[in-house]
Amino acid sequence: MTLDSEFNRLSLVDLDYSQSSSVSNRTEAPMRKYNGFATQRLKQELEIIKTDSFTYCSCGPDGDDIFKWQAAIMGALGTPVEDGVYFLSIDIPEDYPFSPPKIKLQTKIYHPSIDEDGNIYVDILEDRWTPAMSIMTLLVSIWSILPDPTIVDPAGPLADLDSAERRNYNKKAREWTIKYAMG
């Protein structure tokens, strides 16, 4: 089985969430009320995801809860993360799209913008977020930083990575890809 066929098997967008009455008719879940605007926006995003081809990213709701998604990102070709499949959890706030989702990498990766707990330090998940962005634009942005060890957070776990150490970084990033993302 090739990596492409494996990634397609993992595709989360093949499921038809638009017909789920348990999502559209539910007004309350344990400890949270669902926001109608956010729900509608997420359903629209799902329709776009189902019709557009996103080569390196796939995502969709994790079960019935439209506010909890899961995603998979393939590592870019010709980079230390090539052939890796990285899984993410996405927790969407009730005031989405006015607040960014909380995205956490579930697959270990050696990267200066991602800590050991999977927290991703990119400005669009914090102060640079705008309601014009979508879940997929975030995933594409995360996909684009995976092969790039640019220091985004000076307090991050690999903040002392010097440009002269790029070769060592690439070697270790590749080792982690093989160990954790190619299972």
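Keep in mind that the model is predicted, so local features need pLDDT of at least 70 and side-chain atom pairs count only at pLDDT 80 or more, while totals for chains, interfaces and linings use all residues. Residues are numbered from 1 along each chain as its sequence is written, and side-chain values use heavy atoms, with hydrogens and water left out.

S3 and S4 pair in the antiparallel sense over 6 bridges; two strands count as paired if DSSP finds at least two bridges between them. Helices (H or I, at least four residues) and strands (E, at least two) are DSSP runs, numbered from the N terminus. Helix H3 packs on the sheet here, touching S3 and S4, and its direction makes about 30 degrees with that of S4. Contact means heavy atoms within 4.5 Å. Axes are lines fitted to C-alpha atoms, for helices over the stretch in contact, and angles run from 0 to 180 degrees between N-to-C directions.

Now step back to the whole sheet. It is open, with 4 strands in the order S3-S4-S5-S6 and antiparallel pairing. S3 and S6 stand at the edges with a single partner strand each, so one side of each has no neighbour in the sheet. From one strand to the next, the twist averages 25 degrees.

At the S6 end, S5 and S6 pair in the antiparallel sense over 4 bridges, and Leu-88 stands opposite Leu-105 in S6. In a regular strand the side chains alternate between the two faces of the sheet. S6 has a covered face with Ile-103 and Leu-105, and an uncovered one with Lys-102 and Lys-104.

What lies across these strands? Helix H4 does, over S3, S4, S5 and S6, running at about 135 degrees to S3. The buried residues of H4 (residues 135-145) are Ile-135, Met-136, Leu-138, Leu-139, Ile-142 and Ile-145. Buried means under 20% relative accessible area, exposed over 50%, and partly exposed in between (1.4 Å probe, protein chains only). The cover over these H4 residues includes H3 (36-51), S3 (57-62), S4 (65-74), S5 (85-91) and S6 (102-105).

That brings us to the interior. In soluble globular proteins, nonpolar side chains tend to be buried together. A nonpolar core is a set of buried Ala, Val, Leu, Ile, Met, Phe, Trp, Tyr and Cys residues joined through side-chain atoms within 4.5 Å. Of the 35 residues in the largest such core, Trp-69, Leu-88, Ile-120, Ile-135 and Leu-139 touch the most other members. H3, S3, S4, S5, S6 and H4 each supply at least two residues of this core, and the largest share, 6 residues, comes from H4. Leaving aside neighbours within four places in sequence, the contacts of Ile-120 include Leu-88, Ile-103, Leu-105, Ile-142 and Ile-145.

Cys-57 is buried at a relative accessible area of 6%, and Cys-59 is buried at 0%. Not counting residues up to four places away in sequence, Arg-41 touches Tyr-96, Pro-97, Pro-131, Ala-132, Met-133 and Ser-134.
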